[in-house]
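Good morning, and thank you for coming.

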Amino acid sequence: MKILLINGSPHNKGNTFLALDEMRKIFDQENIQVGNQPIRGCLGCRVCYRTGKCIIDDLVNRAAGLLEEADGVVVGSPVYFAQANATLVAFLTRLFYSTHFDKTMKVGASVVVARRGGLSATFDELNKFFTLCGMPLASSQYWNSVHGQMPGEALQDPEGLQTMRTLARNMSFLMKSIALGKEKYGLPKKELPHFTNFVC
């Protein structure tokens with residue numbers, strides 16, 4: 001199984017890294033660092049409709065191939081004002097919008113880290129990228145969150161770290177189960193898209 005781990009923190013070895021690293025030990029996969037990259041937001045130019053890639057040639061286009069090959073994606077973010085890191089959101093918006101390959105049944109998981117609050121709002125924000133693409137969400141024994149403010153404090157949250165390990169095991173099981181299901185039954189049948197504009 002190939003898993004793409006995306007670290008949305010600006011800190012290479014911060015608490016978000018520690019949360020993802022707990023999962024990486026189960027997966028034995030490397031992560032890509034997004035949060036400290038110069039990623040700009042979507043321009044709304046729609047060039048990707050013609051080319052299948054973003055007009056801004058940065059980490060987004062390089063990650064597109066990794067996403068296409070992946071069986072699952074884990075996105076980790078610190079919580080800022082009850083939201084994900086803006087750099088990460090810009091990255092995910094452009095990555096998911098500009099790639100036209102089918103993401104159906106790739107497994108998604110969000111991981112959020114905060115000193116105290118805003119975790120569930122950020123968790124919900126990140127999960128929307130997956131659910132809009134027909135990607136099942138992996139769950140754990142609790143919301144996929146770890147607490148910690150100063151670098152290294154996540155290691156003092158044994159329940160949060162256990163949640164990460166459980167999430168990694170559940171995600172591995174789900175990806176393997178989906179692979180067996182695809183082998184036997186194929187992917188679910190898709191209808192042609194029907195887009196409704198609410199402006200009459």
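Before we start, a word on classes: Ala, Val, Leu, Ile, Met, Phe, Trp, Tyr, Cys and Pro count as nonpolar, Asp, Glu, Lys and Arg count as charged, and the others, Gly among them, count as polar. Please keep in mind that what you see is a predicted model.

Let us begin with the cavity. A search of the whole structure finds one cavity of 30 Å³ or more, and about 100 Å³ of space lies in the largest cavity. Its lining consists of Cys 42, Leu 43, Gly 44, Cys 45, Arg 46, Val 47, Cys 48, Cys 54, Ile 55, Arg 94, Tyr 97 and Ser 98. Sorted by class, these lining residues divide into eight nonpolar, two polar and two charged. Which elements each supply at least two residues of this lining? They are α2, residues 47–51, and α4. The largest share, three residues, comes from α4.

The largest pocket holds about 400 Å³ of space. It is lined by 13 residues, and those closest to its centre are Phe 96, Tyr 97, Thr 99, Lys 103 and Cys 133. By class, the lining of the largest pocket has eight nonpolar, two polar and three charged residues.

The second largest pocket has a volume of about 290 Å³. Its lining is made up of 17 residues, and Asn 15, Pro 78, Tyr 80, Gly 148 and Gln 149 lie nearest its centre. Two or more residues of that lining come from each of α1 (15–27), β3 (72–80) and β5 (107–114). Of these, β3 gives the largest share, three residues. The class count here is seven nonpolar, eight polar and two charged residues.

Let me now return to α4 and consider its partner. Two packed helices are described by the angle between their axes and the distance between the axes. For α4 (residues 86–98) and α5 (residues 119–131), the axes come within 11 Å and cross at roughly 10°. Angles under 35 degrees count as roughly parallel, and α4 and α5 are therefore roughly parallel to each other. Which residues meet between α4 and α5? From α4 there are Leu 88, Val 89, Leu 92, Thr 93 and Phe 96, and from α5 there are Glu 125, Leu 126, Phe 129 and Phe 130. By class, this contact has seven nonpolar, one polar and one charged residues. Phe 96, on the α4 side of the contact, is also among the residues closest to the centre of the largest pocket.

Finally, the chain as a whole. It contains six helices and six strands, and along the sequence they follow the pattern β-α-β-α-α-β-β-α-β-α-β-α. The radius of gyration is 17 Å, close to the 16 Å that the globule rule gives for 200 residues, so the chain is as compact as a globular protein of that length. Along its principal axes, the C-alpha trace spans about 50 × 40 × 35 Å.

How values were computed
Residues numbered from 1 in each chain as written. Predicted model: local features only at pLDDT ≥ 70, side-chain atom pairs only at ≥ 80, totals over all residues. Heavy atoms only, no water. Axes fitted to C-alpha atoms, helices over the stretch in contact; angles between N-to-C directions. Helix = DSSP H or I, 4+ residues; strand = E, 2+ residues; numbered from the N terminus. Parallel < 35°, antiparallel > 145°, perpendicular 65-115°, else oblique. Contact = heavy atoms within 4.5 Å. 1 Å grid on protein atoms, 1.4 Å probe; cavity = no way out; pocket = protein on both sides within 12 Å on 5 of 7 lines; lining within 4 Å. Points joined across faces, edges and corners; volume = space filled by probe spheres on them. Rg over C-alpha atoms; globule rule 2.2 N^0.38 Å.
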